[in-house]
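This report describes the chain shown below, from its overall dimensions to selected residues and helices.

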Amino acid sequence: MAIDLHRCAVVGYPDDPLLTRVYSAPSRPSRTAFQRDRERIVQSRAFRRLAGKTQVFTSRASDHFRSRLTHTIEVAQIARATAASLGLDEDLAETLALVHDIGHPPFGHAGERALDRCLSRHGRRFDHNIHALRIVEHFEQRYAAHRGLNLTLGVREGIIKHSRDYIAEQHPELSEYFLDQRPPLEAQLIDLADEIAYLTADLDDGVESGLLEIGHIREHVDILRRCYRMVEKEHAGVDEKFLFNEALQLMQNVLTDDLIATTGQNVAAIGAECLADIRRHPMRLAVFSPHVEAERLQEKRYLYDTLYTCGPLETEHNKAEEVVTALFDYWINDPEELPASYFEEVEKEGLSRVVADYIAGMTDAFILLQYAQIKRAVRF
C-alpha cells in the first residue's frame, strides 16, 4: 500500500510562497504552476542541448549510449513514480528531475572538473547547480518582458538544493532559498533518483561498450548478483544478456522501493505533519536503508574503479580537459573573440565567469568544432 505523505508535500495553495515568480504571469486554470515550469524547461534551448552532452560515453562511440538528455528522462521517470507512491507533488518532482542536470558543461564530469580548475586560477569555482540557476534566470531568453524562464520559487529552490546544502555565509546570493532549512521531500528525492538511474544505466552502457563483463559485475556487485540470481531462477536457460537486462530492471525496482519505504518510515518516525516539519528536521529524510545504502556505495566504488577511471575513458577525459582548458585560456587572453552577447557581460560578471558560462553551454560537438577552428588559427 502506498504511503500517504500528502500533508508533508508541497501542496501549492494559491498563496503558497513556493508558487511565486519574480515577474507576474497570467494564471492558466488548466495547468498547475509546476506543470507550467516543466513545459518552460522542456522548451528551453539549454534542455535541448542536453542531447549533445556526454553522460559517461560520448555519443560518437555509439547511438545507444545514454546522453545527458536520455539520462535526465530516466531520472524524471523514477522521480515521478517515487513521488506518486509517497503522495507528494508529482509535477514538482518531475520538473526538478528534468532540470537537475541543465547546468552541466560538455564532456560530463571531466568537463566540469576542467572548468572548475580553470576558474580556480581566478579565485572562482564552477558549481553546476548554481550555473543551472543562472541559466533559468538569465541566459534563457524567451519572453518579451524579461530574461530567464521566470520559474516558481519552489523549482528554483530545488535546482539549488536537490543534491547538497549551501551555507548562507558562503553564498549570500542564494539567501532567498531557505538555506537554513531542509528542502521539501520532492527536492530531496531527486539526487537519489539520479543515483538509481545512473547506477543502473552505467552498468548497462559499460557492458554495451565492452569495458565491463557481466560475470565480473556479478562477482563484485552484491545487489546485481542478488537480482541476477532471482531472474535466473525464473528464466532458466535464457541468454546471459537478457538475464542481465532483467536483473538491471529488478535492481532499479529494489533501489526505488527501498527509497520509498525508508523515506516514508523516516517521515513517520519524526511525526511530521506538514512541510514545515520536513524543513525543520536537521537531516534529510529521503534516504536509502542502511543495507541498501551499503550496496549502493559498493556499486558506486566498483563503477569508479572499473569504468570511470579505466584506460579508454581516461583518454577521453584527458582530451576533454585539454579542450576545455585550451579554449578557456584562449578567450581569457583574447576576450574580443567571444560572441558579442557574451563580451557585453564581461564588465558586469567578470571575464573568467563569462568565459566559463560560454563553455558550459556548449555541446560536445560544438566545443570540438570551436577547438578545431581555433587550433587551425592559433597554435596552442
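## Basis of the values

The structure is a predicted model, in which local features need pLDDT of at least 70 and side-chain atom pairs count only at pLDDT 80 or more, whereas totals for chains, interfaces and linings use all residues. Residues are numbered from 1 along each chain as its sequence is written, and side-chain values use heavy atoms, with hydrogens and water left out.

## Overall form

The chain contains 18 helices and 0 strands; helices (H or I, at least four residues) and strands (E, at least two) are DSSP runs numbered from the N terminus. Along the principal axes, the C-alpha atoms fill a box of roughly 65 × 55 × 40 Å. The radius of gyration is 22 Å, which agrees with the value near 21 Å that a compact globule of 380 residues would have. This radius is taken over C-alpha atoms, and the globule rule is 2.2 Å times the number of residues to the power 0.38.

Of the 380 residues, 52% count as buried. Buried means under 20% relative accessible area, exposed means over 50%, and partly exposed lies in between (1.4 Å probe, protein chains only). Among contacts between residues at least 6 apart in sequence, 72% join residues at least 24 apart, where contact means heavy atoms within 4.5 Å.

## Surface and charge

The chain exposes about 17,900 Å², of which carbon and sulfur atoms supply 51%. Accessible areas come from the Shrake-Rupley method with a 1.4 Å probe, and for residues only the protein chains shown count as cover.

There are 45 positive and 61 negative side chains, and the centres of the two sets lie 3 Å apart. Lys and Arg count as positive and Asp and Glu as negative, while His and the chain ends are not counted. The place of a charge is taken as NZ of Lys, CZ of Arg, CG of Asp or CD of Glu.

Helix H7 (residues 153–161) is largely enclosed by the rest of the structure, because 9 of its 9 residues are buried. The buried residues of H7 include the charged-type residues Arg156, Glu157 and Lys161, and also Leu153, Val155, Ile159 and Ile160. They pack against helix H1 (33–42), helix H4 (90–99), helix H6 (128–139), helix H8 (185–209) and helix H12 (275–280).

Helix H17 (residues 351–360) is mostly covered, with 9 of its 10 residues buried. Among them are Arg353, Asp357, Tyr358 and Ile359. The cover over the buried residues of H17 includes helix H5 (108–120), H6, helix H14 (311–333), helix H15 (340–343), helix H16 (346–349) and helix H18 (364–377).

Val324 lies in helix H14 and counts as buried, at 1% relative accessibility. Leaving aside residues up to four places away in sequence, Val324 touches Phe107, Gly111, Ala114, Leu115, Ile359 and Ile367. Ile359 is also one of the buried residues of H17.

Ala46 lies in helix H2 (residues 45–49) and is buried, with a relative accessible area of 3%. Outside the four places on either side in sequence, Ala46 touches Ile102, Ile135 and Glu140. Ala46 and Leu149 are 103 residues apart along the chain, and their C-alpha atoms are separated by 11 Å.

Thr262 is found in helix H11 (residues 240–269), and Ser289 in the loop between H12 and helix H13 (290–308). Thr262 counts as buried at 8% relative accessibility, and Ser289 counts as buried at 15%. The side chain of Thr262 reaches the backbone nitrogen of Ser289 at 3.3 Å. Not counting residues up to four places away in sequence, Thr262 touches Val287, Phe288 and Ser289, while Ser289 touches Asp258 and Thr262.

Cys274 is found in the loop between H11 and H12. At 31% relative accessibility, Cys274 counts as partly exposed. With residues up to four places away in sequence left out, Cys274 touches Arg7 and Cys8. Cys274 and Ala326 are 52 residues apart along the chain, and their C-alpha atoms are separated by 51 Å.

Definitions and conventions:
Polar contact = N/O pair within 3.5 Å; in protein donor to acceptor, adjacent residues only side chain to side chain.
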